[in-house]
Every structure is written in structure tokens, then in C-alpha cells.
Amino acid sequence: MKSPPKPTVPLPPHVEAPAQPPDPAPGPASLVNLEVQNLFPTPVAGGMLAEAPQINAALRAVILEREKGHASTQHSNLGGWQSTWDMLDWAGPAIHQVVEAAKQLATKLTADRQGNPIPIQWKVNCWANVNRSSHGNEFHSHPGAYWSGTYYVDDGGIAGNPELGGEFEVQDPRGVAPVMYAPLLTFATPGGLTLGSSELVSPRAGMMVLFPSWLIHAVRPYHGAATRISIAFNLSL
Ligand SMILES: [Fe+2]
């Protein structure tokens, strides 16, 4: 016996299933306990000598007198007059006051490798610099010393008028590498704005600056009409 035909059931119209939205991209994971360390800092110390008025009057007189009878030495200076490195022998007691303060600061900023204070009998050489209009110093370091520094006898009016130039300029010891790939970007951390570039210290009469001797530095040209007088010194072991 023949079986009856199966009823034909119309198929429902094909309806495509709505496309499922893709899974949303996951958001950032939560970073906790963030700590940003600024490793390998470079100390550049600056301070004022309380006895500056008396010291500067004495040094100014003896340095300008020395300049009259002695030719300039030539190292990194771009113009100007630079004395010999034996200033302790001819500049009177005021230079010893300056140098003793520098030695005290250097000892304060120096430790042994365990981080403990250590008394050091610093050897010193120092010299005078007289800069007039357009004079400066090109980038250089001070080989053969641990700390180097500057003491400003006369800022030549720089402190009151930044347009006169004459700033002390320190080059980033990390070099230019940090800015080679994306020079428009920098680190959003302290000191980031001068990454791969240089920092400026504005001199003022009576100020002492102390920095590691290996730190590359320069003196920007002085554009005033007065006389900018400074003492430079090296502290070695
Ligand atoms: Fe120098």
C-alpha cells in the first residue's frame, strides 16, 4: 500500500540573523602601585655667600689690577681675559674665603660608596675670568678634577636684565639620543622640558655654583656694556 504524500509545509521566508556587533575592545588593565623613579640624577648646586659684598669688592680690585699686567690664557674662552690657575697665590685672603666655602660644599656633597660622609683634603686650582661684550666660553669639561665650580664676583647686570645673556649653560649628560626619534615629545616628568638639550643657570654676584667636573658646560655670550667677573675652580684629590 502506498503511503500518503507528506504535507508540503511552506518554508518561512529566509531571514538573515542580525549581525552581532563585535565584542568591544577591552579597556586598559588597571595599573596599580605605579612608581616613577628618576634614576641617575646629576647634582648642580648653587648658593650665595653671605660675605659677598666684602669679598666681591676685594676680588674685583685685585682681578682687574692683575688683568692690566698679564696676558690672558686661552682654554675654552671665546674672548675675554682668563688668568693663570694660580689665583690662590696672588688674589689675597678673599679668594681663600671663596675656596674654603667651595671645599666645604664639595665635602658635603661627596660620600663614600656606602653613602657615608668622608673627609677629603681637596686640592684646588682656581682662576679669574673677565668677560666684556660678546665674550663667553664654548662647551667644555674639566678633566682631572672631581668637582668644578664658579663664583660670581660681578654679574655685569645679568641678574637684573636676562637679555644681557651670560648664562651658565649645562648640557644634558645623556646626550641628544632621547630626542633623536621624536624631538617634539619629551618626558612628562620633572626636568622633562630640557631633555636632550641644556639647562641655564642665571649668575648673580655672590652666587657659587658647584657641579661634577665631567659635566659639559658653557658660558653664553655676554651682551652687556659692563664687566662680568667670575672665579672658576677645580677640586681634585
Ligand atoms: Fe668651565
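# Questions on the core, the sheet and the chain

Me: Which residues touch the most other members in the largest nonpolar core?
Reply: The largest nonpolar core has 37 residues, a core being a set of buried Ala, Val, Leu, Ile, Met, Phe, Trp, Tyr and Cys residues joined through C-beta atoms within 7 Å. This is a predicted model, in which local features need pLDDT of at least 70 and side-chain atom pairs count only at pLDDT 80 or more, whereas totals for chains, interfaces and linings use all residues. Residues are numbered from 1 along each chain as its sequence is written. The members that touch the most others are Leu59, Ile95, Val98, Ala102, Cys126, Val153 and Ile231.

Me: Which element gives the most to this core?
Reply: At least two core residues come from each of helix 1 (52–69), helix 2 (93–108), strand 4 (123–131), strand 6 (147–155), strand 7, strand 9 (207–212) and strand 11 (228–236), where helices (H or I, at least four residues) and strands (E, at least two) are DSSP runs numbered from the N terminus. The top contribution is 6 residues, and the element that supplies them is helix 2.

Me: Which residues does Ala102 touch, not counting residues up to four places away in sequence?
Reply: Ala102 is among the core residues that touch the most other members, and a contact requires two C-beta atoms, placed from the backbone, to lie within 7 Å. With residues up to four places away in sequence left out, the partners of Ala102 are Gly149, Met208, Leu210, Phe233 and Leu235.

Me: Which strands are the edge strands of the open sheet?
Reply: The open sheet is formed by 5 strands in the order 2-5-10-7-8 with antiparallel pairing, and two strands pair if DSSP finds at least two bridges between them. Strand 2 and strand 5 (residues 136–140) are joined in the antiparallel sense over 2 bridges, and strand 5 is joined to strand 10 (residues 217–219) in that sense over 2 bridges. The strands that pair on one side only are strand 2 (77–78) and strand 8 (198–201).

Me: How does Gln171 count, buried, partly exposed or exposed?
Reply: Gln171 belongs to strand 7 (residues 168–171), and beyond four places in sequence it touches Phe139, Ser198, Ile216 and His217. A residue is buried if 20 or more other C-beta atoms lie within 10 Å of its own, exposed if 12 or fewer, and partly exposed in between. Because Gln171 has 18 C-beta neighbours inside 10 Å, Gln171 counts as partly exposed.

Me: What is phi of Phe40, which is not a glycine?
Reply: Phe40 is found in the segment before strand 1 and, with 7 C-beta neighbours inside 10 Å, counts as exposed. Asn33 also lies in the segment before strand 1 (45–48), and its phi is near 55°. For Phe40, phi is positive, at about 60°.

Me: What is the radius of gyration of the protein chain?
Reply: The protein chain comes to 2 helices and 11 strands, and its C-alpha trace spans about 140 × 45 × 30 Å along the principal axes. For 237 residues the globule rule gives 18 Å, the rule being 2.2 Å times the number of residues to the power 0.38 and the radius being taken over C-alpha atoms. The chain is well over that value, so it is more spread out than a compact globule, with a radius of gyration of 33 Å.
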